[in-house]
Amino acid sequence: MPVLYSVLETKMSLFSNTRPLIFAVALSAFWLTALSGLPCDAHAEMEAPTGEVILVVGGNISETNVGDEAHFDRQMLTALGMETLTTTTPFEETPQDFQGPRLAALLKAVGAQGQVIVATALDGYTVEIPTRDMLDYPVLLAMVWNGKEMGIRNKGPTWIIYPLDQYPELVEEKFSTRSVWQLSSLNIQ
Ligand SMILES: Nc1nc2c(c(=O)[nH]1)N[C@H]1C(S)=C(S)[C@@H](COP(=O)(O)O)O[C@H]1N2
Ligand SMILES: [Mo]
């Protein structure tokens, strides 16, 4: 039966050709499953900024994207998780609405290790801020003030805001000096 024989032969050869393929698919499926089970913090590379850089973090950090620094554009800071804080400031007597990521989230994102943050502003103002503050209080890196994105003209691009109304002990000169507006860089020491 030559016809049946040739059909069988075709089936056999089909099988033997696809077997390595099936094996390869199964193997990659296995690895995809195995790899997706890895913990997420198993070191994702920090993305590079695509927009204008509005904050540079340097010093003792483990995550970098430009040389030994971590550069952030607006979108990257937003991605850290926007929170809202309503409080009076050393300037305004009525409560103001601020939005931005927590400074603690930024420190975590760059893998900051240190006791002190040296904050520097566009006007050259500089002050030392204990890292401890970020553990004790929800300190905000404000980017939005009363619904408006902060530019250099209105104390932006970012302004360190302490929750003065929520924690009365923060109403003190020491903390006012840490409320840096027009923040440009942070150095972790
Ligand atoms: N960029 C920048 N931020 C700054 C300052 C400054 O000179 N430049 N002064 C600090 C000080 S000393 C205080 S007390 C608070 C509040 O400033 P004010 O008292 O002038 O309103 O802002 C702080 N943030
Ligand atoms: Mo001050």
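**Aromatic cluster**

I started with the rings: Tyr137, Tyr162, Tyr167 and Phe175 form one aromatic cluster. I am looking at a predicted model, where local features need pLDDT of at least 70, side-chain atom pairs count only at pLDDT 80 or more, and totals for chains, interfaces and linings use all residues. Residues are numbered from 1 along each chain as its sequence is written, chains are lettered from A and ligands numbered from 1 in the order in which they are written, and side-chain values use heavy atoms, with hydrogens and water left out.

How many aromatic pairs does the structure hold? I noted 6. For a pair, the ring centres of Phe, Tyr or Trp (its six-membered ring) must lie within 6.5 Å; planes under 30 degrees apart are stacked, over 60 edge-to-face, and the rest tilted.

Tyr137 and Tyr167 make an edge-to-face pair, with 5.0 Å from centre to centre and 75° between the planes. This pair links distant parts of the chain, 30 residues apart: Tyr137 is in the loop between α4 (132-136) and β7 (140-142), and Tyr167 in the loop between β10 (159-161) and α5. I use helix for DSSP runs of H or I with at least four residues and strand for E runs of at least two, numbered from the N terminus.

Next I looked at Tyr162 and Phe175, whose pair is tilted, at 5.5 Å centre to centre and 55° between the planes. Tyr162 sits in the loop between β10 and α5 while Phe175 is in helix α5, so their pair ties together parts 13 residues apart in sequence.

Buried or exposed? Tyr162 is buried at 2%, Phe175 is buried at 7%, and Tyr137 is buried at 13%. Tyr167 is partly exposed, at 28%.

**Gln182**

Where is Gln182? I found it in the loop between α5 (173-176) and β11 (183-188). Gln182 is buried, with a relative accessible area of 15%.

I then listed its contacts (heavy atoms within 4.5 Å). Setting aside neighbours within four places in sequence, Gln182 touches Ala121, Leu122, Asp123, Ile152, Lys155, Gly156 and Thr158. A polar atom of the Gln182 side chain is 2.7 Å from the backbone oxygen of Ile152. I count a polar contact as a pair of N or O atoms within 3.5 Å; within protein, one must be able to donate a hydrogen and the other to accept it, and residues adjacent in sequence count only if both atoms are side-chain atoms.

Most residues other than glycine have a negative phi, and most peptide bonds are trans. Gln182 has a positive phi, near 45°, and is not a glycine. Asn146 is not a glycine either, and I read a positive phi of about 50° there. Asn146 lies in the loop between β8 (144-145) and β9, and it is partly exposed at 43% relative accessibility.

Which residues does a cis peptide bond join? I have Gly156 and Pro157, with omega about 5°. Pro157 is in the loop between β9 (148-149) and β10.

**Ligand 1**

Around ligand 1 I get Pro90, Phe91, Ala121, Asp123, Tyr125, Glu173, Ser176, Thr177, Ser179, Val180 and Trp181.

A polar side-chain atom of Asp123 is 2.8 Å from a nitrogen of ligand 1. Backbone N or O atoms do the rest of my list: one of Ser179 at 3.1 Å from a ligand nitrogen, and one of Trp181 at 2.8 Å from a ligand nitrogen. On its own, ligand 1 has 520 Å² of accessible area, and the protein covers 71% of that. Accessible areas here come from the Shrake-Rupley method with a 1.4 Å probe; for residues, only the protein chains shown count as cover.

**Whole protein**

Last, I looked up the overall totals. The protein has 5 helices and 11 strands. Of its 189 residues, 34% count as buried.

Definitions and conventions. Buried means under 20% relative accessible area, exposed over 50%, partly exposed in between (1.4 Å probe, protein chains only). A residue is near a molecule or strand if one of its heavy atoms lies within 4 Å of it.
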